[in-house]
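Below is what I looked up, entry by entry.

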Amino acid sequence: MTVATKKLGNAGEDFAANYLESYGYQILARNFRVRSAEIDIIAEVSGVIVFVEVKTRKDMRHGLPAEAVNWRKQKKIIEAAGVFLQDETYADCACRFDVIEIYALGKNFGVRHIENAFEVESEF
Amino acid sequence: MYARTFGAATLGVDGLIISVEVDSANGMPAFDIVGLPNASVRESKERVRTAIKNSGLRSRQEKITVNLAPAEIRKESAGLDLPIAIGLLAAQGRVTVEKCSEFVFVAELSLEGRLCSVNGVLPMAIATRDAGLKKIVVSPDNVNEALLVDGIEVYAPPTLIELVEFLQGEGKLEPAKSQPAVEPEGFIELVDDFSDVQGQFMAKRALEVAAAGGHNVLMVGVPGSGKTMLAKRVSSIMPELTREEALEITKIYSIAGKLGFNGGLITKRPFQHPNHDASTAAIIGGGSNPMPGQVTLAHHGVLFLDELPEFRKSALEALREPLEERQVTISRVSNTLTFPASFILICAMNPCPCGWYGDRDHNCQCSQLEIKRYTHKLSGPLLDRIDIHVRVPRVKYDELTSKRKAEPSAKVRERVSAAREIQLNRLSKYHLFCNAQMNHAMLQELCTITPAAKDLLKAVFESKKLSARSYDRIIKVGRTIADLDNGAAEISDKHIAEAIKLRNELDFER
């Protein structure tokens with residue numbers, strides 16, 4: 001990962017967090033990390049815990065940002081979410097998994113928020 | 001929240017009510033189906049969710065668990081889509097649980113939210129009635145099938161949203177009424193009739209006796225002599241189906257998904273003619289979830305095996321059980337199922353590989369060894385189960401071009417039905433219905449033979465060196481011929497003589 005991509009990603013995540021707050025989401029955690037699994041933003045809105053994966057792209061050379069949240073990435077996020085939900089405060093909460101796509105166009109950002117982007121698949 | 005609805009599946013030829021429990025609760029969003037669903041049921045979650053969305057309804061994305069009980073039976077039917085969808089809506093409080101539990105839901109869902117037809121609705125409707133439930137919801141395409149069952153109300157909404165509005169008490173939905181079958185325009189039904197066959201009096205008589213007594217027939221004849229033509233017309237001389245028999249057949253065809261365009265009651269006796277390449281499983285039924293085979297599809301009708309020696313030996317030997325028991329048992333690791341298989345077996349074959357052995361005007365090209373090898377593909381035990389062996393010679397020119405119409409099927413059927421009536425009276429105390437089913441003890445008790453006939457039998461028994469089994473079979477066929485002869489009480493020498501003719505027309509010198 002180059003410094004530039006890292007910088008772009010962080011900028012996108014900051015933008016997404018501000019975006020969520022502007023819609024009344026309360027940010028509970030940023031970059032929640034369990035071993036190699038990480039959740040970019042954990043927020044809460046009207047009693048629902050929302051786990052958000054932010055994907056930022058400058059161009060479409062590698063497909064849509066959301067397409068990069070593949071099955072393996074989803075598993076990581078679900079794993080980390082499981083750990084987060086161990087906390088008693090959040091026991092028996094409704095929750096969901098969102099993906100926020102950020103399109104970086106020079107200094108401006110475009111946003112697409114996909115609610116309920118994926119769910120837990122059973123193992124068999 | 002938790003909700004329960006009822007769906008249905010099939011097991012063998014019977015329906016089975018499946019209780020569908022749906023729980024929708026907080027937690028990580030997921031959609032799990034447990035209770036031994038197969039692939040088509042497991043995929044139903046995608047259809048259910050999309051159909052609900054496209055019907056303009058919303059389901060919350062929660063931790064959804066669906067349980068299909070009883071859990072030990074593998075669920076195959078896509079018809080469980082609808083009970084899962086309604087259960088999910090009930091669990092999320094969109095419809096009331098109490099109202100839903102009055103119904104059995106049987107339909108597949110399209111992504112757009114339409115109800116689609118599934119196989120096996122008739123047995124499922126019967127199971128609904130037997131379980132004491134009064135109402136069933138099916139797709140409009142399955143209405144005629146479900147309506148065959150008396151004592152239940154059938155509802156057939158075209159779309160999921162109409163059903164949901166009805167369950168919410170907003171929309172109106174009337175119980176479906178049976179619609180008369182509408183035949184497509186320009187639809188001409190071809191009726192095979194015995195009068196189409198010119199000549200071949202011997203073979204026709206043999207088939208009449210077979211239809212009357214439920215005997216199996218082997219026709220041996222040169223190519224092009226009309227064996228196939230004759231066999232196709234046997235069901236036209238068998239008695240009309242009773243409603244009970246028709247329901248049994250319709251049940252089987254419903255499960256096999258072979259009901260045709262309007263899905264109503266089957267009123268014609270089936271005629272099954274598998275290709276000689278058919279596998280054993282195709283003949284007797286099979287699959288990991290056993291499906292009916294040809295013998296079951298021929299239930300109450302005719303199973304016709306053309307070119308008998310060309311069939312696989314294993315397939316032919318597998319016929320022994322259904323011929324003897326009139327049912328077939330298929331055992332798998334998970335379960336053992338019994339399918340009904342009460343049919344008349346009609347077989348046709350050439351006398352030798354080239355086909356001309358025994359013909360007056362052609363020379364047979366085969367060596368004795370070739371003929372022996374050909375005929376020996378048929379095992380003794382199988383041939384023993386075929387009561388009537390008849391030769392079908394080349395038809396003569398005068399007969400073929402004769403202007404005189406042969407006797408129509410309806411007339412033959414009258415005689416056959418009368419003979420069946422007599423047999424039923426005689427055999428009903430044994431729970432049998434035709435002569436072919438009698439065993440040795442019953443023959444002793446029920447078949448009185450005149451002294452002249454006894455003398456004839458003795459002479460033939462000694463000169464032809466008959467086996468005990470062949471002897472029994474001659475008497476059985478003789479009994480049927482007597483029944484056809486205005487229900488003669490005693491089997492006379494005339495009857496026995498004809499029976500011998502029908503049996504010993506050819507014997508493969510075994």
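Which residues are buried in α5(B)? I found V121(B), L122(B), P123(B), M124(B), A125(B), A127(B) and T128(B).

**Ground rules.** This is a predicted model, where local features need pLDDT of at least 70 and side-chain atom pairs count only at pLDDT 80 or more, while totals for chains, interfaces and linings use all residues. Residues are numbered from 1 along each chain as its sequence is written, and chains are lettered from A and ligands numbered from 1 in the order in which they are written.

**Entry: helix α5 of chain B.** I noted that buried stands for 20 or more other C-beta atoms within 10 Å of a residue's own, exposed for 12 or fewer, and partly exposed for anything in between, with C-beta atoms placed from the backbone. Helices (H or I, at least four residues) and strands (E, at least two) are DSSP runs, numbered from the N terminus. α5 of chain B covers residues 121-130, and seven of its 10 residues are buried, so the helix is largely enclosed by the rest of the structure. Next I asked what covers those buried residues of α5(B). The cover includes the strands β1 (2-11), β2 (14-25), β5 (103-106) and β8 (135-138), along with α6 (143-146) and α10 (243-256), of chain B. After α5(B) comes G132(B), with a positive phi near 85°.

**Entry: where the chains touch.** Contact here is a C-beta rule: two residues count if those atoms, placed from the backbone, lie within 7 Å. Chain A puts in 12 residues and chain B eight residues. On chain A's side, α2 (71-84) and β4 (94-105) are the elements giving two or more residues. β4(A) gives the most, with four residues. I also sorted chain A's side by class and got seven nonpolar, two polar and three charged residues. For the classes, Ala, Val, Leu, Ile, Met, Phe, Trp, Tyr, Cys and Pro are nonpolar, Asp, Glu, Lys and Arg are charged, and the others, Gly among them, are polar.

**Entry: domains of chain B.** The bounds come from an automatic or database domain assignment. Chain B splits into domain 1 (2-167), domain 2 (194-425) and domain 3 (438-510). I looked up domains 2 and 3 of chain B, and their C-alpha centres are 23 Å apart. Their contact takes 18 residues from domain 2 and 15 residues from domain 3. α8, α16 (380-384), β18 and α18 of chain B each give two or more residues on the domain 2 side. That side divides into eight nonpolar, six polar and four charged residues.

**Entry: the sheet.** I followed five strands of chain B, which form an open parallel sheet in the order β11-β14-β17-β10-β18. Strands pair if DSSP finds at least two bridges between them. β11 (271-272) and β18 (388-392) of chain B stand at the edges with a single partner strand each, so one side of each has no neighbour in the sheet. α8(B) packs on the sheet and touches β10 (217-221), β17 and β18 of chain B; its direction makes about 155° with that of β18(B). Inside the sheet, four bridges join β14 (302-305) to β17 (344-349) of chain B. One detail I wrote down is that L305(B) has C347(B) as its bridge partner in β17(B).

**Entry: α8 against α18.** Which way do these two helices of chain B cross, left-handed or right-handed? α8(B) passes α18(B) in a right-handed crossing. α8 (201-213) and α18 (409-427) of chain B pack at about 40°, with their axes 8 Å apart. From α8(B) the contact uses E208(B), A211(B) and A212(B), and from α18(B) it uses V412(B), R415(B), V416(B), A419(B) and R420(B). A crossing is right-handed if the near helix is turned clockwise from the far one by less than a right angle, and left-handed if anticlockwise.

Entry: Most residues other than glycine have a negative phi, and most peptide bonds are trans. N31(A) is not a glycine, yet its phi is positive, about 50°. I found N31(A) in strand β1 (26-34) of chain A. H431(B), not a glycine either, has a positive phi of about 60° and sits in the loop between α18 and α19 (440-446) of chain B. H431(B) is exposed, with 7 other C-beta atoms within 10 Å. Last, a cis peptide bond joins A69(B) and P70(B), with omega about 0°.

Note on methods:
Axes are lines fitted to C-alpha atoms, for helices over the stretch in contact, and angles run from 0 to 180 degrees between N-to-C directions.
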